[in-house]
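Open your viewer and get ready to click around. We'll go stop by stop, picking a selection and saying what is there.

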Amino acid sequence: MIYTKISSNSVTNDVGMYLSELDSHADITCCRKGFLLTSPSGKTCSVEPILLTYKPIKSIPIGTCITAYANLATLETYILYFHQTLYFGKELETSLLNPNQIRCAGHIVNGCPTNLFQTAHQPIQF
């Protein structure tokens, strides 16, 4: 993951708020609506569910996805780049961020639920 800081007076489109969760069970970061697939690799994959009652999802594009993160404490907005991700678009309810993939990019990830610690640190530190 790479991040770019943009100023608080930059012009942005209000596209809404979308949930993302840290998920170490996901093998790779999985992006949904709220992310933009900016650099498709031209490759796709099929995603196999863990339950036999569900069918595989075919032709999920792989590539670089970006999203905006607004830090309400500092009023700064960051553009977050996630490389080698699966882009599900509207097919996924919540984006799943793989903490190990973020750590491999050199960032600190606090996997402890925020209700269990008393510090003001964000789960991901740049």
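Here is a tour from the whole chain down to single residues.

Before you click, know that this is a predicted model: local features need pLDDT of at least 70, side-chain atom pairs count only at pLDDT 80 or more, and totals for chains, interfaces and linings use all residues. Residues are numbered from 1 along each chain as its sequence is written, and side-chain values use heavy atoms, with hydrogens and water left out.

**Stop 1: the whole chain.** Switch to cartoon view. You'll find 1 helix and 9 strands, in the order β-β-β-β-β-β-β-α-β-β from the N terminus. Helices (H or I, at least four residues) and strands (E, at least two) are DSSP runs, numbered from the N terminus. Of the 126 residues, 29% are buried; buried means under 20% relative accessible area, exposed over 50%, and partly exposed in between (1.4 Å probe, protein chains only).

**Stop 2: the inside.** Select Cys31, Phe35, Cys65, Tyr78, Leu80, Phe82, Leu97, Ile102 and Val109. These 9 residues are the largest nonpolar core, meaning a set of buried Ala, Val, Leu, Ile, Met, Phe, Trp, Tyr and Cys residues joined through side-chain atoms within 4.5 Å. Strand S6 (residues 76-89) gives the largest share of this core, 3 residues.

**Stop 3: the cysteines.** How many disulfides are there? The count is 0, taking a disulfide as a pair of cysteine sulfur atoms within 2.5 Å. Click Cys30: its nearest cysteine sulfur belongs to Cys31, 7.5 Å away. Is Cys30 buried or exposed? Cys30 counts as buried because its relative accessibility is 10%. Over at Cys104 the figure is 73%, so that residue counts as exposed.

**Stop 4: the loop with Tyr54.** Look between strand S4 (36-47) and strand S5 (57-71), where the loop holds Tyr54. Tyr54 has 53% relative accessibility, so it counts as exposed.

**Stop 5: Gly111.** Which loop holds Gly111? Find the one between strand S8 (108-109) and strand S9 (124-125). Gly111 is exposed because its relative accessible area is 57%.
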